[in-house]
Each structure stands twice: as structure tokens, then as C-alpha cells.
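Me: Could you walk me through reading a structure like this one? I would like the general idea of each feature and then the case here.

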2 protein chains.
Amino acid sequence: MSVEKLQRYREQMRTELDKVVEFWQKYSHDTQYGGFFTCIGKDGKIYDELKYVWLQGRQVWMYCRLYRTMERFNKPEILEAAKSGGAFLRRFARIPNSGSPWKCAFCLTRDGKALKVQRTIFSECFYVMAMDELARVTGDKDMQAEAAQMMDQLVHWVRVDPSGLGKPQLSGDTPVCSMAVPMMLLCLVQQLTEARSGEEVDKYREVGGWCVKQILQHLQRGGTAILESVSSEGKELPGCAGRLQNPGDTLCTPLKEISLDQGCSIPVLEGQNTSGFCFYLGQCVLFSQLEWSMKLWWPHCEALIAYLMAYSHTKEPALLERFSQVYDYTFSHFSDAENGEWFGYLTQQGKVTLDFKGGPFKGFFHVPRCLYMCEKILDSILNKQES
Amino acid sequence: MSVEKLQRYREQMRTELDKVVEFWQKYSHDTQYGGFFTCIGKDGKIYDELKYVWLQGRQVWMYCRLYRTMERFNKPEILEAAKSGGAFLRRFARIPNSGSPWKCAFCLTRDGKALKVQRTIFSECFYVMAMDELARVTGDKDMQAEAAQMMDQLVHWVRVDPSGLGKPQLSGDTPVCSMAVPMMLLCLVQQLTEARSGEEVDKYREVGGWCVKQILQHLQRGGTAILESVSSEGKELPGCAGRLQNPGDTLCTPLKEISLDQGCSIPVLEGQNTSGFCFYLGQCVLFSQLEWSMKLWWPHCEALIAYLMAYSHTKEPALLERFSQVYDYTFSHFSDAENGEWFGYLTQQGKVTLDFKGGPFKGFFHVPRCLYMCEKILDSILNKQES
């Protein structure tokens with residue numbers, strides 16, 4: 001593929017990112033109570049005032065990352081928005097009297113009252129991402145310490161004792177390993193160790209090594225399938241749970257080789273797992289996932305990153321061709337030329353079936369992060385070609 | 001419409017009911033551990049051994065009801081299957097050490113170990129239905145007493161104190177009235193009072209009156225919309241929660257006029273609320289409901305019952321015409337001529353998108369109950385015309 005084509009992709013990524021950032025700056029900021037509205041219609045209208053905690057944390061993280069690493073976003077209004085979101089999170093996300101001082105809500109009212117809590121670790125993961133990245137741009141050491149403390153709690157829940165998450169112990173509920181958990185933890189290890197050194201970092205590297213071993217257990221059937229859930233012995237599970245695949249996860253997996261202390265060369269995960277977009281392995285998967293045949297925005301975002309990153313490592317033209325295919329589909333089906341931002345939910349045939357721009361799982365995250373990462377990777381490829 | 005046409009409908013309902021009963025008798029009985037398999041593929045194959053408690057209770061109820069009220073099903077093998085299911089439920093459904101001796105699991109392993117528990121009342125509701133109906137056919141007074149005790153617990157959770165359900169108290173989680181709750185309770189009142197009298201019945205009638213008042217609060221916007229959730233003051237809620245409609249519920253509502261002790265003439269609900277099949281009121285509903293545009297089997301079952309029942313009360317030809325339309329669509333799209341039973345999940349365009357016959361929410365219930373009730377109503381219409 002020609003340099004001109006790569007330059008054209010970079011230009012389109014850049015333009016689209018600018019538009020997406022503008023959309024969220026314009027519509028999502030709650031100037032009255034702080035934090036961000038997350039339920040935003042196709043034209044920017046707030047259709048529900050609820051504030052989802054995953055998305056508060058992710059938006060803080062994304063603003064800070066843009067502010068810190070892309071010159072054109074190094075602007076006071078970006079920093080201010082991130083700080084406002086961070087303050088809202090610190091003040092309201094953690095649930096008083098929940099048994100643990102670190103358990104976070106899943107959903108808050110506009111003024112910050114807890115409305116729902118999940119018995120999982122994900123709200124807390126995005127809390128860590130937000131606090132650590134915000135600490136990096138503000139230099140606030142308290143905030144960094146808070147991220148570290150929350151991380152300790154997460155590792156405790158995952159590796160030592162999950163009872164603080166609030167799930168009842170049931171006799172038939174044998175331990176299941178979900179790929180989403182070590183993937184998220186590994187992502188946090190990357191966040192917390194970047195450009196740092198010392199004892200803390202060594203501790204996180206050990207956690208990272210554990211995550212990698214866990215993740216590799218999900219590679220099953222002689223390397224032909226990556227299963228979302230396996231037994232604690234790393235074996236395939238019976239029934240629907242064992243057949244679940246999540247292409248969004250899978251696409252994030254085999255990309256960036258790094259060597260850990262343990263000496264194993266493994267893929268580092270660049271994405272986050274969220275819900276949806278599951279498909280068959282011969283038989284039915286779980287039936288709460290009625291959306292299995294739909295096309296969701298976020299695995300397409302992950303696919304764009306994955307193919308471009310794979311190409312930049314291997315220079316294999318077929319990978320750029322795949323990127324190009326996903327790009328064409330994504331930009332012509334998900335991107336909304338009329339009102340900006342992307343639709344999130346299409347039918348198998350590519351028709352928009354839910355037209356909102358923000359909802360409980362769709363916020364200022366997968367789309368801008370994809371555009372940001374693709375722009376960065378294209379920068380890198382083009383810079384090398386020019387030099 | 002001619003008598004011949006009504007007779008033809010009755011004949012088709014009868015034939016289909018026989019086939020559906022045969023399907024579940026053939027494939028769902030677990031002769032090793034008792035109870036019923038609930039995850040059954042299109043051709044009868046068990047694709048997961050998990051046993052969902054709602055469906056255990058419903059299958060017991062349905063078998064008993066057929067045994068008790070339809071001569072051709074008054075057979076020992078039907079009774080034995082119901083008793084086996086009832087024994088499995090009594091032995092395994094209730095969760096030891098859950099804080100309440102009456103809390104039931106949502107999902108069990110094949111050998112009866114609890115795997116999941118919902119923080120709602122529905123497993124317990126179907127437990128009551130199963131126990132009471134089984135007591136009616138066996139004459140087992142202990143079982144009837146158990147149904148009554150569970151009902152007392154349910155009423156306590158709903159009207160006095162929900163804390164035993166296990167939901168954490170959150171400051172932003174203000175009380176919301178869900179139509180599914182009084183609808184289910186009213187259904188249990190019907191079950192527990194049928195052909196009985198005395199103090200217990202008076203107590204249930206009082207509960208029934210309360211349910212009716214609750215249900216009527218869901219009639220909003222000047223009677224033009226039935227909303228699934230309203231505030232405890234009977235007002236429309238803000239945001240997505242307030243816009244949720246559930247046609248499956250709605251279709252069950254305005255059908256059979258009865259007079260309660262309170263003197264109000266109200267519609268009695270003939271259906272149960274389950275998940276799915278939600279649609280817009282101008283704006284987005286909750287986004288966990290990605291399936292809003294799909295066509296699900298159970299609201300179609302409810303629609304068949306609703307239109308036929310409405311016709312039998314009013315003799316309005318337009319209602320029989322509506323029944324006829326739903327009948328044509330349902331029997332040509334959901335019913336599986338090849339392997340028997342019905343598919344559950346179609347796209348908006350009518351294509352089967354999940355082809356199993358049994359899953360976590362689809363068991364031996366909506367389809368046979370619909371065919372059973374339609375056959376009964378057609379019997380009644382035709383008998384009146386002949387006499």
C-alpha cells in the first residue's frame with residue numbers, strides 16, 4: 001500500500017478524532033453537578049441523567065491521555081474536564097457502608113447517589129485508570145496513591161478472596177476463570193508501570209506475569225479457539241459457559257510481544273473487555289446474549305487497532321488489507337456523518353438498531369481510543385518510512 | 001367467522017398441544033437426577049445440563065394443570081413427571097444459609113447444587129405455583145402448606161421489607177414499582193384461591209386488591225400507555241426506566257373483568273411477565289435490552305390468548321380477526337414443523353436467530369399454556385354456539 005494511502009488514513013483518523021472529542025466536550029459535561037452525562041442521543045440530547053461509573057472513569061482517562069500525549073489536545077479545557085470528572089468520581093463512586101471502603105457503584109444519579117452496584121471488579125478498574133492517568137497530568141501524589149490502593153484491593157479480590165465483591169457463596173458455583181479479569185488487570189499493570197521503576201513496579205510486574213499465565217489458559221482446542229471462560233485448572237468448561245467466545249477480547253490479544261520477568265514472551269493486551277458481541281462455537285452460547293448476531297462498535301474499534309498494530313510489527317501486506325476492510329465497513333456504517341460520533345449497535349445486515357451515541361457501556365472511550373491509537377501507529381509507520 | 005373455522009382452530013390448537021407435550025416428555029426428563037433439563041436444542045438435544053428454577057416450577061405447574069383439567073392428559077406418566085419435578089424442586093430449589101429459609105436459587109446444576117441466585121421474587125413465585133397445583137392433584141396437605149408459607153414470605157418481601165432478597169441498600173436507588181411484581185402476585189392469588197374458601201382466601205383477596213391498585217398505577221398518559229415501571233406515588237419516572245413498555249405484560253391485562261371485595265371491577269391478569277420484547281416510547285429504553293426489535297415467542301402466545309379471550313367476552317368480530325392474524329404469523333414463523341415445539345427468538349423480519357426450544361427463560365410453559373388456554377376458550381365458545 002502506498003505512503004499516500006497511509007497518510008490519507010492518518011488524516012481521516014485525525015479528523016474523526018477531533019470531531020469525536022468535540023461531540024463529547026459539547027454534550028457530555030455536567031456543569032451543574034460535575035462529572036459526565038453518559039446517556040446521549042444521536043444528536044447530543046441527554047435522554048437519561050444517570051451517570052455510569054465505568055464511563056466516568058474512562059472519560060477521565062481518555063481526556064488525560066489525549067492531554068498528555070497529543071499536542072493538539074494539550075489544552076486547559078481538556079484538563080479541566082478531566083479534573084471535574086476525577087473530582088466527581090472521588091467524591092461519589094465509592095459506596096459508603098458496602099463492607100469494603102473500595103467498592104464502587106456501577107451507576108449513579110446525576111447528583112452522585114449510588115443507584116446500582118455490580119458484584120464484579122470493573123468499576124474499580126476504571127477508577128484506577130482514571131486516578132493514575134489524572135495523577136500523571138496533575139502531579140497529584142494522593143491521587144496516585146489512591147490508584148495504587150485500589151489496585152491492591154483489586155488484586156486481593158481476584159487472587160486472594162472475592163467475598164468483598166458481595167456475591168453469595170453457592171455450592172454449585174465452582175470457580176470459573178473469565179478472560180476479562182486478567183486482561184483488565186494486565187491493562188492496569190501497563191497503566192501503573194509506564195515510565196516508572198522501583199518496588200511498586202516490581203510488584204505489578206509479578207501481577208502482570210500472573211495475568212499472562214491466566215490469559216494463556218484461554219487458548220484452547222490446540223490454539224484454534226480463545227474461550228472467554230475456562231475452569232480454574234485451565235480446562236474447557238461444559239455447557240454454554242464453556243463455548244462463549246468474545247471477538248472483542250480475542251482481537252486485542254496477540255499483538256505486542258513483550259518479555260516479562262518470568263522470561264516468557266507473551267502478547268500484551270491493548271483493549272478492554274466490555275459486554276456483548278458473542279458468537280457460536282457450534283452450539284448455543286448463553287441466552288442472555290440475544291444480541292449475538294448484532295454488530296457492535298467496540299469490537300470493530302479493537303479490530304482496527306489490532307490489524308494496524310499487527311501490520312506495524314510484521315509489515316505483512318495482508319494485515320493492512322484487513323485493516324482496510326474493517327476501516328471501510330466501520331467508517332461507512334458506524335460513523336455518523338450528520339451529527340458526529342459513532343452509532344454503537346447495528347443489525348447483522350448493518351442497519352442501525354439503537355441510534356444513541358452514549359449508553360451504559362458506550363461512552364468517550366472505545367471510539368476515541370481507537371482513533372487515537374491508530375493515529376499514533378500511523379505516525380510511527382510513516383515516520384519510519386520517511387527516515 | 002364460521003363455526004367451521006373456529007372448529008379448525010380448536011383442532012389445530014389441540015394437535016399442536018399434543019406435539020408440544022410429547023416433545024418435552026421425550027427430551028426434558030432427567031431420569032437420573034430428577035427434575036427437568038431446560039436447555040434443549042431444536043432437535044431435542046440437551047446442550048447444557050443446567051436446570052433453571054423458574055422453568056422447573058412452571059413445568060410442574062403445567063403438567064399438573066393438564067393432568068387435572070384435560071381428560072386426555074389425565075395419565076399416570078404426566079402425574080409422575082410432575083411429582084418428580086416437584087420432588088427435585090423441594091429438595092434443591094431453596095438455598096440453605098441465604099439469610100431466609102425461603103429464598104430460592106435461579107439456576108441449579110444437574111444434580112441440584114445452586115449456581116445462581118436472583119435478588120428478585122420470581123423463582124419463589126413459580127415455586128408457589130408448582131407446589132399449590134401439585135398439592136391439588138396429589139392431595140398433599142404439606143405441599144399446600146409449603147405453597148402458603150412461601151406466599152406469605154413473598155408478600156412480606158413485596159409489601160413489608162425487601163431486605164431478605166439480598167439487594168444492598170443504596171442511597172440513589174429510590175423505590176420503583178415494577179408491574180411484573182403485582183402481576184405475578186395476582187396470578188398467585190388466582191392460583192391459591194381457585195375453588196377454595198375460608199380465612200386464607202380472604203387474606204389472599206386482600207392481597208389481590210392491593211395488586212390491582214398497584215397495577216392500575218401503570219396505566220399512564222391518560223390511559224394511552226401501560227408503563228412497566230412507575231414511582232411509588234404512581235407517577236411516571238424520568239429517564240429510560242420510565243419509558244419501558246412490555247407488550248407481553250400489556251396484552252395480558254385488559255381481559256377478564258372480575259369484582260373484588262373492594263368493589264372495583266378490574267382486569268385480571270392471565271399471563272406472567274418474563275424478560276425481553278421491549279420497545280420505544282419516543283426515546284431509548286434501557287440498553288441492556290438490545291433485543292428490543294426482535295420478535296419473541298411469549299408475547300405472541302399472550303397475544304393469542306388475549307385476543308381470543310377478548311373475543312369470547314365481547315363477540316366483537318374485529319378481535320377474532322386480530323387473533324387470526326397473530327395465529328397465522330405465529331404458526332407459520334415460531335412453530336417448527338420439522339422437529340416439533342416452537343422457536344423462541346426471531347429477528348424483526350421473522351428469521352429464526354436462536355433456534356433452541358428450551359433456554360433459561362423458555363421452557364414448558366408459554367407455548368403449552370397458550371395452546372391449552374386457546375383450546376379451552378374455543379371449547380367454551382363452540383359449546384355455547386351449539387347449545
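Me: Which side chain does E341(B) join in a polar contact?

Reply: A polar contact is a pair of N or O atoms within 3.5 Å; within protein, one must be able to donate a hydrogen and the other to accept it, and residues adjacent in sequence count only if both atoms are side-chain atoms. Here the side chains of E341(B) and K362(B) are joined by such a contact of 2.9 Å. Keep in mind that this is a predicted model, where local features need pLDDT of at least 70, side-chain atom pairs count only at pLDDT 80 or more, and totals for chains, interfaces and linings use all residues. Residues are numbered from 1 along each chain as its sequence is written, chains are lettered from A and ligands numbered from 1 in the order in which they are written, and side-chain values use heavy atoms, with hydrogens and water left out.

Me: Is E341(B) buried or exposed?

Reply: Buried means under 20% relative accessible area, exposed over 50%, and partly exposed in between (1.4 Å probe, protein chains only). E341(B) counts as buried because its relative accessibility is 1%. The residue sits in the loop between α11 (317–333) and β13 (345–346) of chain B. Helices (H or I, at least four residues) and strands (E, at least two) are DSSP runs, numbered from the N terminus. Contact means heavy atoms within 4.5 Å. Leaving aside residues up to four places away in sequence, E341(B) touches several residues, among them V20(B), F23(B), W24(B) and V367(B).

Me: Where does K376(A) lie, and what does it touch?

Reply: K376(A) belongs to helix α12 (residues 366–386) of chain A. With a relative accessibility of 33%, K376(A) is partly exposed. Beyond residues up to four places away in sequence, K376(A) touches T69(A) and M70(A). Its C-alpha atom is 9.1 Å from that of M70(A), 306 residues apart along the chain.

Me: How should I read a salt bridge?

Reply: Side chains of opposite charge can pair when their charged atoms come close. The rule asks for a side-chain nitrogen of Lys or Arg within 4 Å of a carboxyl oxygen of Asp or Glu. Over all chains, the structure holds 52 salt bridges. In one of them, the closest N and O atoms of E302(A) and R369(A) are 3.3 Å apart. E302(A) lies in helix α10 (residues 297–314) of chain A and R369(A) in helix α12 of chain A, so the pair ties together parts 67 residues apart in sequence. E302(A) is buried at 3% relative accessibility, and R369(A) is buried at 2%.

Me: How exposed are D111(A) and K113(A)?

Reply: These two side chains meet in a salt bridge of 3.1 Å, N to O. D111(A) is partly exposed at 29% relative accessibility, and K113(A) is partly exposed at 37%.

Me: How do I judge where the chains meet?

Reply: The size of an interface is often given as the accessible area lost when the parts come together. Buried area is that loss (1.4 Å probe), summed over both parts. Between chain B and chain A it is about 3200 Å², with carbon and sulfur atoms giving 62%. The contact takes 38 residues from chain B and 38 from chain A. Across this interface the rule finds zero salt bridges, while nine residue pairs are in polar contact, both residues at pLDDT 80 or more.

Note on methods. Buried area = accessible area lost by both parts, 1.4 Å probe.
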